[in-house]
Protein chains: 2
Amino acid sequence: MTTHVEARQSVPALESVARSRILDSAAELILDQGFAGTSMREVAASVGIKAGSLYHHFASKEEIFSAILERGIEVMVDSFAAVPVAVTEPPEALLRAHVRAHLGSLFEFGPYTAVHVTTFRSAPSSVREAIVPRRDAYEAMWSTLLHRIASGGAFRDDQDLGIARLVLFGAMNSTIEWFDLDGSLAIDDLADAVATQFWQGVSREGPSKEGLSREGLSREAAIQ
Amino acid sequence: MTTHVEARQSVPALESVARSRILDSAAELILDQGFAGTSMREVAASVGIKAGSLYHHFASKEEIFSAILERGIEVMVDSFAAVPVAVTEPPEALLRAHVRAHLGSLFEFGPYTAVHVTTFRSAPSSVREAIVPRRDAYEAMWSTLLHRIASGGAFRDDQDLGIARLVLFGAMNSTIEWFDLDGSLAIDDLADAVATQFWQGVSREGPSKEGLSREGLSREAAIQ
DNA sequence: GTCTATATCACGATAGAC
DNA sequence: GTCTATCGTGATATAGAC
């Protein structure tokens, strides 16, 4: 049985099915145990081969990790780009659709994005630095979106868009700590909740200029 | 030089200065590299001793890790309890004060809380399970706070408090990924930004019943 | 493409001198 | 309380048979 040309080496290289199976298993393990806490033997066992065989598909453990982190971004970027809502829609709807897409990339396309989010900060710096530009590109997509919405006048005047984006990212990404795709809360409802909380907050009353200003708190009220 | 009774072993045991120095160094390393990615030799080197000497102070690597995670919760609980704002204050002020306290525990009392937040999910299950009750206790403090505010009628009627709390936690905890205590943004201003975003959202208009409801989006507007 | 076998090394942990 | 020395283990990675 001769192996035919499966090697259409484009850039980036297409993943063979074998590589994909390895990445799937490795990502699952790394999500639970971290990168350093996951051994090549474990990865190999979970795909049903021996450790040495992994090196036929990847040059090193780090290469596996890098591929996982990259795919994690890829999933996010693709989800963002595939959002089926026109930019001419009302800003709330546009926003919610993108929140839904980001949450989808965390829960509906394998563990790649979740691994990216949870393990990026402890990754070896060589791995981390190689990924940074792609991360930045994804974050820029969000910045552009928020700026577009802001230019329409939908945000409070004093709203810092950079902080708003980072806080929203934190709210979305941290759902991996507690959201269960098979639980009673549907992911669409989760997206609604996160987007609504981002958009209008939790309070009953609308925004007021001094509602939360620090100066509004009388010193006398402080105890201790 | 005879060693006098420094061992008033209460429960929980008081940390000796030696133990504290080790925990400080270990927490810093673990924050960067993760638990599995940090070796006892590294920890020892960063406190200026040899690896074997660590075992005079701790029985195992896991014991060091457990102590760090526990102290991380301790810092949060203490900060929460020390919030200098009476519960009779307006809910926005009360909330902002607690957000400030939580952020303080992340940035102003060593790396312990940050380590807890970033590495809990990949910790060995034995370590994780021992900590869960204390985590729950801290989360209960927040639940109580939010319920108290809600019972005053300050939240929107449809607001799920559980989700609101989790989203707020995510927003606060994820600041470790980007906030710099020595940067241009002061931690007080960060707390204001996070609390305001939680309270009133980013939008200019106040909450409306259908502003973000999914049904509000016309099907015709969907593209692709 | 997977196997076995192994080289090389770093890890956590222990023992005993000082 | 810290040291040196070392044990036993498991890690990544390689080489070559099939």
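Student: Which residue of chain B forms a salt bridge with A:D157?

Tutor: This is a predicted model, in which local features need pLDDT of at least 70 and side-chain atom pairs count only at pLDDT 80 or more, while totals for chains, interfaces and linings use all residues. Residues are numbered from 1 along each chain as its sequence is written, chains are lettered from A in the order in which they are written, and side-chain values use heavy atoms, without hydrogens and water. A salt bridge is a side-chain nitrogen of Lys or Arg within 4 Å of a carboxyl oxygen of Asp or Glu. With closest N and O atoms 2.7 Å apart, the partner of A:D157 is B:R204.

Student: How many salt bridges does the rule find across the interface of chain B and chain A?

Tutor: In contact (heavy atoms within 4.5 Å) are 62 residues of chain B and 62 residues of chain A. Over all chains, the structure holds 20 salt bridges. Across the interface of chain B and chain A, the number found is four.

Student: What is the area buried between chain B and chain A?

Tutor: Buried area is the accessible area (1.4 Å probe) that two parts lose on being put together, summed over both. Carbon and sulfur atoms give 53% of the area buried between chain B and chain A, and the total is about 5900 Å².

Student: Is helix 5 of chain B roughly parallel or roughly antiparallel to helix 7 of chain B?

Tutor: The axes of helix 5 (residues 91-107) and helix 7 (residues 125-151) of chain B come within 10 Å and cross at roughly 165°. Axes are lines fitted to C-alpha atoms over the stretch in contact, with angles from 0 to 180 degrees between N-to-C directions. Angles under 35 degrees count as roughly parallel, over 145 as roughly antiparallel, 65 to 115 as roughly perpendicular and the rest as oblique. Helix 5 of chain B is therefore, relative to helix 7 of chain B, roughly antiparallel.

How values were computed
Helix = DSSP H or I, 4+ residues; strand = E, 2+ residues; numbered from the N terminus.
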